[in-house]
Amino acid sequence: MTTPTSVRKRAADAPAPTPVGRRPERGARWRRVGLRLVALATLLALWQSVTALQLWSPVLVPSPAAVWNALLETSGTHDGVRGYQGHTLIEHLGISLRRIFIGAGAGVVAGLVVGVLMGTLPWVRVVLEPAVAFLRTLPPLAYFSLLIIWFGIDEAPKLWLLAIAAMPPVAVATASAVASAPTALVEAARAIGAKRGQVVTSVVLPSALPEILVGVRLAFGIAYSSVVAAETVNGLPGIGGLIRDAQRYNQSDTVVLGLFAIGISGLLIDAGLRVLSDRLAPWRSHT
């Protein structure tokens with residue numbers, strides 16, 4: 001006869017069930033990686049084929065081998081020349097990343113403050129919304145010349161340009177998310193005696209966090225795409241300055257290398273922001 005003790009023992013000895021959906025999810029992830037690798041290999045093959053057929057001059061379309069040689073030359077010391085203009089490729093990229101994180105970081109903080117004020121105070125929204133929309137529509141080069149007149153040709157105009165470019169998307173996303181916070185939660189917090197600041201920090205901002213993080217991702221993307229514009233004047237060392245300087249001498253292989261450096265590092269930054277978004281707002285994918 002089966003006793004409760006024997007039933008419990010069999011249940012304890014039974015293998016733990018495999019979590020539902022884990023294997024399919026893992027398989028889907030590997031399929032995505034495989035498809036991306038195939039797409040990358042196909043693009044490289046097409047690039048090599050086009051350059052091998054010599055349909056265009058190597059000055060216009062450098063071969064993958066030429067870009068690889070440019071990578072080797074700019075990553076070390078060759079014939080007594082260190083990197084490109086005295087700095088290696090990773091140093092150029094690091095200086096540009098520092099400018100992006102300082103400038104875009106300041107723009108993100110300003111956008112958060114402006115967005116919260118616009119979302120919680122209607123009169124502030126009426127006053128600031130046209131200015132934010134105006135800045136959002138301006139291309140960076142449109143006001144970079146004015147920043148140079150104001151701040152000179154050193155680091156200040158570059159950082160200001162990146163900050164101004166990064167602020168509007170965060171402000172717009174934050175204002176929209178804060179204004180659409182669940183009314184029931186806000187009223188419940190007020191009913192138990194929460195003050196305006198406590199309602200904003202404990203209810204409004206947590207509910208708006210996913211949309212705010214999307215705005216932050218957009219801000220860093222815009223700032224990264226503006227780094228070449230920011231480094232058009234006195235941009236060396238810097239990856240944008242490297243591209244502009246190589247363009248003057250028709251060094252298309254170095255230009256393409258700089259574009260790859262920006263693109264790959266931009267993908268890594270965006271991936272890091274996505275991981276941060278998943279950590280700070282894990283419920284986002286389930287809502």
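**Close-up views of the predicted model**

The accessible surface of the protein chain comes to about 17600 Å², and 66% of this surface belongs to carbon and sulfur atoms. The structure shown in every view is a predicted model.

**View 1. Overall arrangement of the protein chain.** The protein chain contains 12 helices and two strands. Along the sequence, these elements follow the pattern α-α-α-β-β-α-α-α-α-α-α-α-α-α. Of the 287 residues of the protein chain, 33% count as buried. Among contacts between residues at least 6 apart in sequence, 68% join residues at least 24 apart.

**View 2. The largest nonpolar core and the surroundings of Y224.** The largest nonpolar core comprises 46 residues, and I100, L161, F220 and Y224 have the most contacts inside it. Helix α9 (residues 196-225) gives the most to this core, contributing 10 residues. When neighbours within four places in sequence are left aside, Y224 is in contact with L93, L97 and I100, as well as with A261, I262, S265, G266 and I269. A second, separate core consists of seven residues, among them V114, M118, V132 and M167.

**View 3. The tilted aromatic pair of F101 and F220.** The structure holds four aromatic pairs. One of them is formed by F101 and F220, with 5.8 Å centre to centre and 55° between the planes, and this pair is tilted.

View 4. The ring centres of F151 and W160 are 5.4 Å apart and the planes lie at 10°, so the pair is stacked; planes under 30 degrees apart count as stacked. F151 counts as partly exposed because its relative accessibility is 34%. W160 likewise counts as partly exposed, at 44% relative accessibility. Together with W150, the residues F151 and W160 form one aromatic cluster.

**View 5. A nonpolar patch on the surface.** Which residues form the nonpolar patch on the surface? The patch is made of W30, V33, L37, L40 and L44, which together have about 520 Å² of accessible area. V33 is located in helix α2 (residues 22-52). With a relative accessibility of 35%, V33 counts as partly exposed.

View 6. Q85 is not a glycine, yet it has a positive phi of about 55°. The place of Q85 is in the loop between β2 (81-82) and α4 (89-120). N250, also not a glycine, has a positive phi of about 55°. N250 lies in the loop that connects α11 (239-248) with α12 (252-280). The relative accessible area of N250 is 56%, so this residue is exposed; the limit for exposed residues is over 50%.

Methods:
Residues are numbered from 1 along each chain as its sequence is written. This is a predicted model: local features need pLDDT of at least 70, side-chain atom pairs count only at pLDDT 80 or more; totals for chains, interfaces and linings use all residues. Side-chain values use heavy atoms; hydrogens and water are left out. Helices (H or I, at least four residues) and strands (E, at least two) are DSSP runs, numbered from the N terminus. Buried means under 20% relative accessible area, exposed over 50%, partly exposed in between (1.4 Å probe, protein chains only). Patches are made of residues with over 30% relative accessible area and no salt bridge: like charges are joined within 9 Å, nonpolar side chains (Val, Leu, Ile, Met, Phe, Trp, Tyr) within 5 Å. Accessible areas come from the Shrake-Rupley method with a 1.4 Å probe; for residues, only the protein chains shown count as cover. A salt bridge is a side-chain nitrogen of Lys or Arg within 4 Å of a carboxyl oxygen of Asp or Glu. A nonpolar core is a set of buried Ala, Val, Leu, Ile, Met, Phe, Trp, Tyr and Cys residues joined through side-chain atoms within 4.5 Å. Contact means heavy atoms within 4.5 Å. Rings of Phe, Tyr and Trp (its six-membered ring) pair if their centres lie within 6.5 Å; planes under 30 degrees apart count as stacked, over 60 as edge-to-face and the rest as tilted.
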